[in-house]
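My entries follow in the order in which I made them.

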Amino acid sequence: MTGRVIKSTGSWYLLRTENGENYKARIRGKFRLDNIQHTNPLAVGDFVDFEVDSDGFGVISKIHERKNYIIRRSVNLSKRSHIIASNIDKAFLVVTMDNPKTSFGFIDRFLVTAEAYHIPVVLLINKMDAYNEDLKEEAEFYQLLYEEIGYETMKISAQSGLNIDKLKTELQGITSLISGHSGVGKSTLMNVLNPNLQLKTSEVSDFNQKGQHTTTFAEMYEWPFGGFCIDTPGIKEFGLVEMEKEEIQQYFPEIFEQKSNCRFDNCLHVNEPKCAVIEAVENGKIAPSRYENYIGFLEEIEEENKN
Ligand SMILES: Nc1nc2c(ncn2[C@@H]2O[C@H](COP(=O)(O)OP(=O)(O)O)[C@@H](O)[C@H]2O)c(=O)[nH]1
Ligand SMILES: [Mg+2]
Ligand SMILES: [Zn+2]
């Protein structure tokens, strides 16, 4: 039978079949790891082949090739990474202007990772109901900045219901990832979209400063209106794992667009002469925050490579 991993504890998996049946399952002993770089052999979103044993438990024998996946660098195993979720059609990044404030750095890191895995991203600017004029203006600034680059954005409020119906039509029938800092309202939003879920929501003050989160593993939910959604634990940081310095610029669409106008073919847009990207930053065509984060990621990879 074919099933989809909708929950994982690391050793047990919950599988959902096409008929909507659930099986608790384990991996067969001799399961071959396709990629030993990853700490977990199976992730939420994976499609697998399995058999049912005499006790009614699933025994997973094979994983189907992943269309895409999102990873996080493992903290303790420096060279290995953890697959958070796979087979994602669209990622929705929930961001807030306040309580907590989502930084451009966090957004750009997410976007780079998503671009690398060819996952389209929609930015959801949540808690619009709670903003004063200044914060509304900031939300507008975020929206214009990312729409200009070509990302879809939506101002929403899980609390007041702003644009929630519009969001529903976007989520319908696809597998989506809902991500963002702890406290931005992911659980609240999912409860609004599916009142049967009753996910625990937390006061922002409950989070400690390291941004600790209550859930450790991603989970997948089926919407009552059709489609799946992956809820990821408050991911603090996506690592730019397995990326080369030369590669990063491909994941900044507006930087990559200028590349052909640079004097040197191998221009990294750091301090090369006649660099069209640096010119575009100076002319205001590329946002300074985007360029700074691009340079920051380059430096990060350089550091990585030293180790
Ligand atoms: N004012 C306002 N508060 C919200 C909104 N969405 C969520 N919250 C609050 O933000 C806090 C964190 O929400 P939660 O859903 O637990 O965030 P998560 O960590 O991303 O899952 C809770 O106190 C929610 O009530 C919103 O649209 N407006
Ligand atoms: Mg939550
Ligand atoms: Zn250049």
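I began with a pair of helices, and noted that α1 and α7 are roughly perpendicular to each other, a label that covers angles of 65 to 115 degrees, whereas under 35 counts as roughly parallel, over 145 as roughly antiparallel and the rest as oblique. The axes of α1 and α7 (residues 288-306) cross at roughly 65 degrees and come within 10 Å; such axes are lines fitted to C-alpha atoms, for helices over the stretch in contact, with angles from 0 to 180 degrees between N-to-C directions. I recorded the crossing of α1 and α7 as right-handed, meaning that the near helix is turned clockwise from the far one by less than a right angle, anticlockwise being left-handed.

Before going further I noted that this is a predicted model, in which local features need pLDDT of at least 70 and side-chain atom pairs count only at pLDDT 80 or more, while totals for chains, interfaces and linings use all residues. Residues are numbered from 1 along each chain as its sequence is written, and chains are lettered from A and ligands numbered from 1 in the order in which they are written.

For the element names I kept to DSSP runs numbered from the N terminus, helices being H or I of at least four residues and strands E of at least two. I checked the length of α1 (residues 104-116): its 13 residues should span 18 Å at 1.5 Å a residue, and its end C-alpha atoms are 18 Å apart, which agrees. The expected span is 1.5 Å times one less than the number of residues.

I then asked how many of the 13 residues of α1 are buried. The count is 10, so α1 is largely enclosed by the rest of the structure; buried means 20 or more other C-beta atoms within 10 Å of a residue's own, exposed 12 or fewer, and partly exposed in between, with C-beta atoms placed from the backbone. Among the buried residues of α1 are Phe106, Asp108, Arg109 and Leu111. Leu93 lies in strand β8 and counts as buried, with 25 C-beta neighbours inside 10 Å.

Next I followed the backbone on either side of α1. In the loop between β8 (90-95) and α1 I found Pro100, which a cis peptide bond joins to Asn99, with omega about 0 degrees. Just after α1, His118 takes a positive phi of about 55 degrees.

I looked up two asparagines with positive phi as well. Asn87, in the loop between β7 (81-86) and β8, has phi near 55 degrees and is buried, with 21 other C-beta atoms within 10 Å. Asn163, in the loop between β10 (152-155) and α3 (164-171), has phi of about 60 degrees and is partly exposed, with 16 C-beta neighbours inside 10 Å.

Last, I turned to ligand 1, which 20 residues surround, the closest being Gly185, Lys186, Ser187, Thr188 and Thr201; a residue is near a molecule if its C-beta atom, placed from the backbone, lies within 6 Å of it. By class I noted four nonpolar, 12 polar and four charged residues in this shell, where Ala, Val, Leu, Ile, Met, Phe, Trp, Tyr, Cys and Pro count as nonpolar, Asp, Glu, Lys and Arg as charged, and the others, Gly among them, as polar.
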